[in-house]
Amino acid sequence: MDFDLCLKAPWIIPVEPRGQVLRDYAVLVRGGRIAAISPQATAPAAAHTVDLPSHVLLPGLVNAHTHAAMTLFRGLADDLPLPQWLHEHIWPAEGRHVNGDFARDGSALAALEMIRGGTTCFADMYFFADETARVASGAGLRAALGLVVIDVPTAWARDPEEYLSRGVALCDKWRHDPLITPLLAPHAPYSVSDETLTRIRVCADELDIALHMHIHETAGEITQSLHTHGMRPLARLDRLGLLHANLMAVHMTQLTADEIALCAERGVSIVHCPESNLKIAAGLCPVTALIAAGIPVALGTDGAASNNDLDMLGEMRTAALLAKGTSGDATAVPAAVALEMATLNGARALGLADDIGSLVVGKSADLIAIDLNAPATQPVYDPLSQIVYAASRDQVTHVWVAGRALMRDRHVLTLDERAIIGRAGAWRDKIRAHDHGGIS
């Protein structure tokens, strides 16, 4: 037979073209790639056929910003403003507990959660990225690994020179893995000096890799930059040559009209993390204005320590509702646009849109199936609206990456769920005993 796999469903949402819903079609896979999309009545035979009688097939979700290993800090310090959360809780906890084992076990927990929720690709930013790469590759997930650079010492590196040297080594090690895409990840303008940012720009240009950075996350960041540098962070980054088409600017809650125009002119991609921004009261990304300016907006969950989940279906719904509420326009970010933000725009931001983000012949067979035969998603008038406004991640039943099944009938095939949850519990006991004197 010419095809390895045939997936049949009553609805297929390819994302390209925007808003299209194919009814009673099949996706045919050969060699890990989409070989054909055809009506079920005329679909050719395949070595293996999966019938999905009440499901929607769509591209795997792309989480364009997270800190995977921080799942082990989920719920550690909630209901706090960002500066207090970082300086008094998260950074001290990282100093005490983060090492290679922490990164491995936290990344495994994140991978398990993301597969269960239909995420097939994630952009990460954390220490010990080698461990996250091994976990993701082993689990069959795509990962764009942000190799952190920051001006303060951590368990990962002593100084900017060591951050960069370790990052370059990991880039060389992983850049040929079909599932791993290295990125350079300067933490934020307030935590990286001009000298280091200049070295990062040169390094990224030489390696031809993208940059992944928190920018304009809070009003306090703007005030600090004006006081320290005499200019806003985006102006400073532009002066240093970092505002370009290979920059993924994360959060961007504090933007003027001129800054939006500048980002559009420079081709910057913006990653919107609505639930994390809401939880820490950081502000709201002006999504409708960004879209109107032609800027591609992707979606990220941020880390589970500040969200507190890695649920991209929930993030889609929040992004769509926030855009309507803040703009006063019920037509802002309709369901088709929200889905594009969670799939194709994430792929575009990562430079992977030729390979993932939509169901197009020739692209990688990264797909998910969502079962709409549930009370919350019945009756079905418009499956696209049901996915964005009503479906939950618990309705994701199947996940494939490059044609490989990572989850079948809600059973994750590539990770040991019981062992991963057991190790997460052991880390909780260790962290709680150290940080809270053993008090439950």
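Predicted model: local features only at pLDDT ≥ 70, side-chain atom pairs only at ≥ 80, totals over all residues.

Visitor: Which residue forms a salt bridge with E113?

Guide: That's R393, and the closest N and O atoms are 2.9 Å apart. The two sit 280 residues apart: E113 is in helix 2 (residues 100–116), while R393 is in the loop between helix 14 (383–389) and strand 15 (396–401). R393 is partly exposed, at 23%.

Visitor: How many salt bridges are there?

Guide: The count comes to 25. Another one of them pairs D130 with K173, at 3.0 Å between the closest N and O atoms. This pair links helix 3 (residues 129–139), where D130 sits, to helix 4 (residues 160–174), which holds K173. D130 is buried at 14%, whereas K173 is partly exposed at 48%.

Visitor: Okay, new topic. What's the radius of gyration of the chain?

Guide: The protein chain has 21 Å, which agrees with the value near 22 Å that a compact globule of 440 residues would have. The C-alpha trace spans about 65 × 50 × 45 Å along its principal axes.

Visitor: And how many helices and strands?

Guide: 15 helices and 17 strands.

Visitor: What share of the residues is buried?

Guide: Buried residues make up 59% of the 440.

Note on methods
Residues numbered from 1 in each chain as written. Heavy atoms only, no water. Helix = DSSP H or I, 4+ residues; strand = E, 2+ residues; numbered from the N terminus. Rg over C-alpha atoms; globule rule 2.2 N^0.38 Å. Buried < 20%, exposed > 50% of the residue type's maximum accessible area, 1.4 Å probe, protein only. Salt bridge = Lys/Arg side-chain N within 4 Å of Asp/Glu carboxyl O.
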